[in-house]
Number of protein chains: 2
Amino acid sequence: MTIQDSGAARPAGRPRSEKAEKAIIDATLDLIGEGMGVSELSIEAIASRAGVGKTTIYRRWSNKEDLVVDALSTLKAPLPPLSGTSVRDDLISLLDAMRREAGQARTRCVMNIAMSEADRYPRLMERFVKRAVEPRRQALRSVIERGVATGELRPDLDVELAMALFSGTMMWQSKWGPAGDLPADLAERVVDTVLLGLAGDRVRR
Amino acid sequence: MTIQDSGAARPAGRPRSEKAEKAIIDATLDLIGEGMGVSELSIEAIASRAGVGKTTIYRRWSNKEDLVVDALSTLKAPLPPLSGTSVRDDLISLLDAMRREAGQARTRCVMNIAMSEADRYPRLMERFVKRAVEPRRQALRSVIERGVATGELRPDLDVELAMALFSGTMMWQSKWGPAGDLPADLAERVVDTVLLGLAGDRVRR
DNA sequence: TCGTTGCGAAACTCAGGCGTATCGAAATTA
DNA sequence: TAATTTCGATACGCCTGAGTTTCGCAACGA
């Protein structure tokens, strides 16, 4: 029985530095947050930014894509708590979380990569979608389906189309809307506009 | 008075080949259409694809960005004719044009570049927005404003928000929607859903 | 015919980045 | 203390691609 016996036997030699590992991931996300695409990222720049030798990177990841996959996987997707009192309130909570995230440069840059480099790096996207996109999509779907069930939303509603309405509008605003932060009441205005419809009660088909 | 005196005096020597120029632009757009980002594009690949020497490129453009700016500037933005009979019909025409364009690989790749590389290549984007985005945006705005004026749309409608609703939804569908072509009736369904609202006549605020 | 300019092809220099190897120092186990 | 492994730093060979130069030929005006 040695002093250290937690789980697998610790191999001889100097242990790997967790600090270095974290610095590498952080440097990668930093550079992505400065607008670099995956192809512009260089291992040398990451090593330099992290204050680390290239060896330390290659000892852990065999190439750039593996590193980026891991780096993006660390991005959490903390969803806002939903009150559940009304569909309108929950939708506003979800969309307002999107609005706040769209104010962060890093989030915007990651979304850029997701939007444009999905075809070139399928492994990367697969994990990113599973980790970051799917939970949000599922939350939005649940709220909308509940609305249909409770009668707050039309019974014949196309749920997928409704999801595209909300997500697409917020995405569009963050990309092509007014520069700087999105207005604080944007989520509420989007939700009310979508729920009520552009025609108000003028159109009956 | 010489034989040739049309406008500026023709300089001595072999004239530049318009065919080569066209081949260079086409090759550039081809490569973009195959999913290449601006930074992945190489002058060598363009020259090779165009069947042209690098000299012939550098004689016309001083660097890659200038070439890409010119190449994207040649993309026309033919807007669909609008019947003007109803706002609903015109909206469907506009959105259906978006849907059809989203089916072309080249259009999707150009949009990818527009979405993700705007910050890195501001000159490129400035011209592209002016040439391709602005006309569509203006057409959509006109239709919506007309709808407000005629009473087909709510008088208190936020026009910019409405535009984001339509554009963002179509964009979202083309990027994250079902693989392959978008369904033929998508534009109509989006327009009717947005006009009527998700709540139907259930919500009065 | 002669001078000029454009053509494609090829060779060139230069910069940057990849992935590997080697170094002495540091951290750990035995 | 000895053996082992990682550390950051640095150098290395290699490749890609930018932008330039040179070459022999082609297309034009005079």
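Visitor: Which residues count as nonpolar, charged and polar, and how does the surface near DNA strand C divide among these classes?

Guide: Ala, Val, Leu, Ile, Met, Phe, Trp, Tyr, Cys and Pro count as nonpolar, Asp, Glu, Lys and Arg as charged, and the others, Gly among them, as polar. In this predicted model, the residues of the surface near DNA strand C divide into nine charged, twelve polar and eight nonpolar.

Visitor: What relation holds between chain A and chain B?

Guide: Chain A is superposed on chain B by a rotation of 179 degrees with 0.0 Å of shift along its axis, and the RMSD is 0.1 Å. The relation is therefore that of a two-fold axis.

Visitor: Which helix gives the largest share of the side of chain A that touches chain B?

Guide: The contact takes 41 residues from chain A and 41 residues from chain B. Helix H6 (105-116), helix H8 (159-176) and helix H9 (186-196) of chain A each supply at least two residues of that side of chain A. The largest share, eleven residues, comes from H8(A).

Visitor: Where in chain A is the pLDDT below 50?

Guide: Chain A averages a pLDDT of 91, and 93% of the residues score at least 70. Where pLDDT is low, the predicted coordinates should not be read in detail. In chain A, the pLDDT is below 50 over residues 1-6.

Notes. Residues numbered from 1 in each chain as written. Chains lettered and ligands numbered in written order. Predicted model: local features only at pLDDT ≥ 70, side-chain atom pairs only at ≥ 80, totals over all residues. Least-squares fit on C-alpha atoms with pLDDT ≥ 70 in both. pLDDT = per-residue confidence, 0-100. Contact = placed C-beta atoms within 7 Å. Helix = DSSP H or I, 4+ residues; strand = E, 2+ residues; numbered from the N terminus.
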